[in-house]
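Dear colleague,

Please find below the structure that I am handing over to you. I would be grateful if you would look through it before reading my notes.

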Amino acid sequence: MFQASSNLPWPRVSVVVPTLNEAKNLPHVFSRLPADVHEVIVVDGHSVDDTIAVARQLRPDVRVVQQTRRGKGNALACGFEAATGDVIAMVDADGSTDPGEIPKFVHALLSGADFAKGTRFAAGGGSSDITRLRRLGNRMLGAVVNLCHGTNVFWQKYVPVLDLDITSPPSPRGDGLLWGDGFEIETLIHMRVAEEGLRVAEVPSFEHPRIHGVSNLDAFSDGLRVLTTILVERRRARRRHVSRHRASGARTPAVLARDLIHMETALVRMLYVLHSVDHGRPRTLRSQVPPPPR
Ligand SMILES: Nc1nc2c(ncn2[C@@H]2O[C@H](COP(=O)(O)OP(=O)(O)O)[C@@H](O)[C@H]2O)c(=O)[nH]1
Ligand SMILES: [Mg+2]
């Protein structure tokens, strides 16, 4: 797909691992890390188990970063900011993604990609973690945004393109999450990367079931958040497009938002139905996570 540039040296890889109570899963995840990574950054969300102690015991050289707000998205943003390598690899700490696959993603970058994302549905990839209904739901979402949830590896120099804010205080309302702090992060990143016109490689990747514990993700409310991300990020891209055109003095083309909104509303409805079939009536509130200690 990309022109091979095999004479590039192997880059320094920073592995960013968001953790929320993953003490039991870290031994497996860390054992799968390639031997030659530049650094491992654990971004902890105020775990109440031994996550940090276990991480330090397994890897005395681990860098532990405390996130500034809450949510997986904010954790990743803090990890990106702390990374000092040439390449950043995002890896979950629940055993669902295999850090042993990182070199495959780095090869895609060395072959000319700016961003390499794992795709569960390509040949050679797959998943044993999702029911048929979830797969159907995922496929529908995937059709709109080519949504991928899993390993993502990209050149560190593109962190500014992602435009993630780690310094603002938490929202005084609701769960305190700001835009991009939650599970919408991967969709948001993929959309911003696409908007910037970066070259994206899809790497077949296998998603395993989480080993211990339960997912922090709520299929319905987080599914809605992902769909909202598509809408919000499309608007953001449009606004940026308009202001760039204005700055260059060119005429702004009219954009038809209505069709997009209809399509997304239909998708939300379908997701609702799929979730109801799978789990009964959906919960509309995210499960309560205790607030971080003050
Ligand atoms: N630091 C931090 N990590 C989180 C948070 N929520 C989830 N994670 C981590 O993000 C990864 C994916 O979360 P998980 O609950 O498995 O969600 P799923 O894989 O989408 O079902 C895991 O490594 C979690 O420990 C959070 O609020 N803060
Ligand atoms: Mg998981």
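This is a predicted model: local features need pLDDT of at least 70, side-chain atom pairs count only at pLDDT 80 or more; totals for chains, interfaces and linings use all residues.

An open sheet of seven strands runs through the description, with the order S3-S2-S1-S4-S7-S5-S8 and mixed pairing. Its edge strands, S3 (63-66) and S8 (200-204), each pair on one side only. On average, neighbouring strands are turned by 20° against each other, direction ignored. Helix H3 packs on this sheet and touches S1, S2, S3 and S4 (87-90); the direction of H3 makes about 155° with that of S1.

Within the sheet, S5 (residues 115-119) and S7 (residues 152-155) run antiparallel and are joined by three bridges. Phe115 has Phe154 as its bridge partner in S7.

The largest nonpolar core has 46 residues, and Val16, Ala89, Ala116 and Val153 have the most contacts inside it. Helix H4 (residues 102-110) gives the largest share of this core, six residues. Beyond its neighbours within four places in sequence, Ala116 is in contact with residues including Phe105, Val153 and Val203.

Why is helix H7 (residues 185-195) described as largely enclosed by the rest of the structure? The reason is that nine of its 11 residues are buried, among them Glu186, His190 and Arg192. Gly197, which follows H7, has a positive phi, near 80°.

With kind regards

Notes
Residues are numbered from 1 along each chain as its sequence is written. Chains are lettered from A and ligands numbered from 1 in the order in which they are written. A nonpolar core is a set of buried Ala, Val, Leu, Ile, Met, Phe, Trp, Tyr and Cys residues joined through C-beta atoms within 7 Å. A residue is buried if 20 or more other C-beta atoms lie within 10 Å of its own, exposed if 12 or fewer, and partly exposed in between; C-beta atoms are placed from the backbone. Helices (H or I, at least four residues) and strands (E, at least two) are DSSP runs, numbered from the N terminus. Two residues are in contact if their C-beta atoms, placed from the backbone, lie within 7 Å. Two strands pair if DSSP finds at least two bridges between them. Axes are lines fitted to C-alpha atoms, for helices over the stretch in contact, and angles run from 0 to 180 degrees between N-to-C directions.
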